[in-house]
Amino acid sequence: VGDITRLTFAKRLFAVPIAVLGQATGQATLPFFARLFNEKKLQEFASTVNDSVYRVASASFLASGWMMVAALPLIDLVYRRGKFSFADTQTSAIYFFWFSISLACWSAQGLYARAFYAAGDTLTPMAAVTAITALSLPMYSFLFHTFGVIGLAWASDIGIGVNLVALACLLHYRKLVPLDGLRWKELGKAAVVALVAGGITFE
């Protein structure tokens with residue numbers, strides 16, 4: 001009883017870094033993407049999108065490492081009052097912990113979607129996201145009935161991960177933003193740093 005509410009509270013707090021790193025960055029970069037595409041500077045367009053994804057994803061890795069460690073005090077500070085007890089904090093923090101893993105996916109997919117918008121194509125990302133959402137429903141049901149409410153958080157992470165991969169591959173397929181132009185090595189370094197820093201802090 002109350003777990004869906006706790007899950008909602010965790011997701012609502014998780015929406016804050018998504019808004020800062022994903023939505024705000026996406027809105028800020030869209031005019032630059034559009035200008036480069038309209039000027040037919042396609043190589044520079046692809047490079048700018050890949051660089052933006054790299055920077056946002058790297059920052060998201062570091063933010064995720066901190067958020068996962070600070071999940072309990074964050075939830076407690078923001079929500080514990082009235083009927084929201086410390087026991088509620090502990091449960092919500094677990095959900096927030098798992099949501100935090102997918103911050104880089106949420107942030108990067110926003111940039112890939114804006115790349116489509118800049119290219120004058122709003123149909124492809126809409127169709128892809130709609131299809132993925134529909135196909136994800138059985139996964140949500142399976143994970144919920146198998147693992148309980150925590151399965152919904154896992155399903156959310158998996159769903160946004162698939163969404164990110166789909167948009168990136170579609171851009172690559174249309175030769176707009178090649179995947180080999182992404183700084184994979186640097187992304188790996190950022191992920192390792194975030195993992196080590198989070199592990200040290202957790203300890």
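Buried means under 20% relative accessible area, exposed over 50%, and partly exposed in between (1.4 Å probe, protein chains only). The views show a predicted model, in which local features need pLDDT of at least 70 and side-chain atom pairs count only at pLDDT 80 or more, while totals for chains, interfaces and linings use all residues. Residues are numbered from 1 along each chain as its sequence is written, and side-chain values use heavy atoms, without hydrogens or water.

**View A. A buried salt bridge joins Arg6 and Asp88.** Both Arg6 and Asp88 are buried. Their side chains meet at 2.7 Å, N to O. A salt bridge here is a side-chain nitrogen of Lys or Arg within 4 Å of a carboxyl oxygen of Asp or Glu. Arg6 lies in helix H1 and Asp88 in helix H4 (residues 86-100), 82 residues apart. Helices are DSSP runs (H or I, at least four residues), numbered from the N terminus. The structure holds eight salt bridges.

**View B. Glu186 and Lys189 pair in helix H8.** Their closest N and O atoms are 3.6 Å apart. The two residues are separated by about one helical turn, because they are three residues apart in the helix. Glu186 is partly exposed, at 29% relative accessible area. Lys189 is also partly exposed, at 44%. Elsewhere, salt bridges with shared partners join Asp3, Arg6 and Asp88 into one network.

**View C. The largest nonpolar core has 29 residues.** Such a core is a set of buried Ala, Val, Leu, Ile, Met, Phe, Trp, Tyr and Cys residues joined through side-chain atoms within 4.5 Å. Among the members that touch the most others are Phe45, Tyr112 and Val177. Helices H1 (3-38), H2 (42-69), H5 (103-118) and H7 (150-173) each supply at least two residues of this core. H5 gives the most, with eight.

**View D. Val177 and its contacts.** Contact means heavy atoms within 4.5 Å. Leaving aside neighbours within four places in sequence, Val177 is in contact with residues including Phe45, Asn50, Tyr112 and His172.

**View E. Ser58 is a buried residue of helix H2.** Its relative accessible area is 10%. The Ser58 side chain reaches the backbone oxygen of Tyr54 at 2.8 Å. Not counting residues up to four places away in sequence, Ser58 touches Leu187 and Ala190.

**View F. Asn163 is a buried residue of helix H7.** Its relative accessible area is 6%. Asn163 touches Gln109, Val129 and Ile132, not counting residues up to four places away in sequence.

Notes: A polar contact is a pair of N or O atoms within 3.5 Å; within protein, one must be able to donate a hydrogen and the other to accept it, and residues adjacent in sequence count only if both atoms are side-chain atoms.
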